[in-house]
Amino acid sequence: MNQGYPPSSEYPPDQAQPRRVLVQPPQGQPIVTYAILIIVILVYLAQMAAPYLFSGRDLPTIWGMKINELIVQGQFWRLITPVFLHGSVWHIAFNMYALMVFGPGLERFYGHGRFLALFFISGFAGNVMSFLFSSAPSLGSSTAIFGLLAAEAVFLYSNRNLFGAGAQGALINLLIVALANLFIGGISPGIDNWGHIGGLVGGALFAWFAGPLMQVVGYAPNYSLVDGRGSGEAWRAGIGVTALFVLLAVVGIYFRV
């Protein structure tokens with residue numbers, strides 16, 4: 001995500017020549033990414049400890065996983081709480097590794113608030129799609145992780161003029177990763193592929209309408225990158241995408257009642 005080309009002072013400002021710039025994320029710690037990582041790990045430790053404390057019952061999973069029948073009865077929090085729950089050490093390890101691959105770079109470009117919205121909107125969208133098309137209970141952060149993957153792809157595409165030729169290769173790699181994971185999910189019992197698809201769709205929609213549009217201001221060596229996307233656009237996109245999936249959930253509940 002940080003690959004690019006060095007700034008060029010080869011052309012004076014009055015000549016309309018393409019400029020190549022090194023796209024570096026803004027400075028700052030990805031505190032939201034770290035916070036999500038810590039919370040998910042703490043929740044998993046609680047899942048592991050719960051059977052010893054509550055007569056063999058994993059209460060965090062019982063209270064939080066996506067269970068369609070309980071959602072229909074009004075437990076709507078189950079459309080978001082599954083992003084904090086995991087079924088095994090390998091499950092949480094894979095998802096948290098993916099979070100650390102995509103999260104820090106995206107958060108630095110998106111900013112803390114917009115990145116947090118991206119994560120939870122993606123997770124919510126994935127669980128809504130799972131609710132609509134899969135009757136099996138499910139849990140895991142992969143709904144949100146697939147949204148981050150989609151947002152990474154949208155970011156590269158939307159800013160391809162800054163990334164140059166490297167953007168195409170990175171996009172192809174992301175597409176291969178997404179298709180490979182969807183294929184594995186499609187042939188593997190117990191994997192909620194509808195959740196993955198929903199996360200991809202939700203993340204892509206939010207990223208398309210709210211993601212950073214980086215612009216070069218000034219000329220080398222005195223140039224900077226600024227986000228041309230206004231905060232109002234991001235708010236409207238977040239509300240719109242959330243409302244879309246809320247509507248889909250309401251329709252699904254209506255036809256199940």
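Where does arginine 229 lie, and between which strand and helix? Arginine 229 sits in the loop that links strand E2 (222-227) to helix H10 (231-256); helices (H or I, at least four residues) and strands (E, at least two) are DSSP runs, numbered from the N terminus.

A note before the close-ups: this is a predicted model, with local features needing pLDDT of at least 70 and side-chain atom pairs counted only at pLDDT 80 or more, while totals for chains, interfaces and linings use all residues. Residues are numbered from 1 along each chain as its sequence is written, and side-chain values use heavy atoms, with hydrogens and water left out.

**View 1. The surroundings of arginine 229.** Arginine 229 counts as buried because its relative accessibility is 12% (buried is under 20% relative accessible area, exposed over 50%, partly exposed in between; 1.4 Å probe, protein chains only). Leaving aside residues up to four places away in sequence, arginine 229 touches, among others, Arg114, Trp208, Phe209 and Leu213 (contact means heavy atoms within 4.5 Å).

**View 2. Polar atoms around the side chain of arginine 229.** A polar atom of this side chain lies 2.9 Å from the backbone oxygen of glycine 211. At 3.4 Å, the side chain of glutamate 233 makes a polar contact with that of arginine 229 (a pair of N or O atoms within 3.5 Å; within protein, one must be able to donate a hydrogen and the other to accept it, and residues adjacent in sequence count only if both atoms are side-chain atoms).

**View 3. Leucine 42 on helix H1.** Leucine 42 is exposed, with 52% relative accessible area. From C-alpha to C-alpha, leucine 42 and leucine 85 are 9.9 Å apart in space, and 43 residues separate them in sequence.
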